[in-house]
Amino acid sequence: TRNIEVIVGSGNVLEESKNSKKSVELCAREMRYTFLNNVAENFSADYILLAHHRDDNIETSLFNLFRGGHLDGLSGMSEIENDWTTVPLMRPLLNWSKYDIYRHANLNELKYWEDSTNNDINYDRNWLRNVVIPMIEERKPGVRNVLNRTIQNISETTNFLDEIYTKWFLQNCISQKFNVALFDVEHIAL
């Protein structure tokens with residue numbers, strides 16, 4: 001056994017959602033990341049490790065697709081992200097499927113806990129996870145692999161476009177005198 005300190009936090013997500021007029025899912029994420037960030041800062045941690053896996057990433061991408069998201073949203077989650085916290089988030093399991101993680105845990109007799117709300121299909125993400133994706137998988141076996149490959153392609157395309165834009169911006173807006181007219185002739189995506 002390992003001697004690992006466990007730090008537990010709690011909060012009233014429903015009340016926060018009501019007061020802030022944000023979705024329950026968004027409030028839960030913000031509260032969770034704030035808590036994790038505070039703990040990480042107290043321990044001077046370099047990263048916050050999250051257990052998001054390939055299936056979570058597929059759900060995120062589909063969720064953003066159905067909301068009319070842009071390429072950034074369709075490219076799923078990043079392996080390293082600084083958007084929510086001062087301590088970077090790291091997702092080392094993004095290439096692992098949920099099945100692979102369960103299999104690994106069971107083979108190595110690892111105990112794990114799963115949030116019971118993950119089965120509540122009143123939440124859109126859970127509806128995707130428990131209803132929509134299995135329905136598609138029934139009709140198109142292997143679709144999770146296809147979706148994962150598509151997400152990777154979108155992510156690579158997004159990174160490429162970001163690089164092109166950065167070079168364009170540095171060349172036209174930083175190194176030269178800024179000229180607003182440049183934006184009239186460039187593509188709307190810029």
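This is a short tour of a predicted model, stop by stop.

**Whole chain**

Show the chain as a cartoon. It holds 8 helices and 3 strands. Colour from the N terminus and follow the elements: they run α-α-β-α-α-β-β-α-α-α-α. For scale, the C-alpha atoms fill a box of roughly 60 × 50 × 35 Å along the principal axes.

**Stop 1: α1 and α2**

Select residues 13-20 for helix α1 and residues 24-42 for helix α2. Their axes lie 9 Å apart, at an angle of about 115°. Angles of 65 to 115 degrees count as roughly perpendicular, so α1 and α2 are classed as roughly perpendicular to each other. Which hand does the crossing have? α1 passes α2 in a right-handed crossing.

Now show side chains at the contact. From α1, pick Val13, Leu14, Glu16, Ser17 and Ser20. From α2, pick Val24, Cys27, Ala28 and Met31. By class, this contact has 6 nonpolar, 2 polar and 1 charged residues.

**Stop 2: α3 and α6**

Move to helix α3, residues 54-66, and helix α6, residues 124-139. The two axes come within 10 Å and cross at roughly 110°. α3 and α6 are therefore roughly perpendicular to each other.

Which residues make the contact between α3 and α6? On the α3 side, select Asp56, Ile58, Glu59, Thr60, Leu62, Phe63 and Phe66. On the α6 side, select Asp124, Arg125, Leu128, Arg129 and Ile133. Sorted by class, the contact of α3 with α6 has 6 nonpolar, 1 polar and 5 charged residues.

**Stop 3: Arg125 over Phe63**

Stay at this contact and keep two of its residues, Phe63 from α3 and Arg125 from α6. Where does the charged end of Arg125 sit? The charged end is over the ring of Phe63, 5.6 Å from the ring centre. Draw that distance in the viewer, from CZ of Arg125 to the centre of the Phe63 ring.

**Stop 4: the aromatic cluster**

Clear the selection and pick Tyr165, Trp168 and Phe169. These residues form one aromatic cluster. How many aromatic pairs does a search of the whole structure find? The search finds 3. A pair of aromatic rings is described by the distance of the centres and the angle of the planes.

Key:
Residues numbered from 1 in each chain as written. Predicted model: local features only at pLDDT ≥ 70, side-chain atom pairs only at ≥ 80, totals over all residues. Heavy atoms only, no water. Axes fitted to C-alpha atoms, helices over the stretch in contact; angles between N-to-C directions. Helix = DSSP H or I, 4+ residues; strand = E, 2+ residues; numbered from the N terminus. Parallel < 35°, antiparallel > 145°, perpendicular 65-115°, else oblique. Left-handed = near helix turned anticlockwise from the far one by under 90°. Contact = heavy atoms within 4.5 Å. Nonpolar A, V, L, I, M, F, W, Y, C, P; charged D, E, K, R; others polar. Phe/Tyr/Trp six-rings, centres within 6.5 Å; stacked < 30°, edge-to-face > 60°. Lys NZ or Arg CZ within 6 Å of the ring centre and 35° of its normal.
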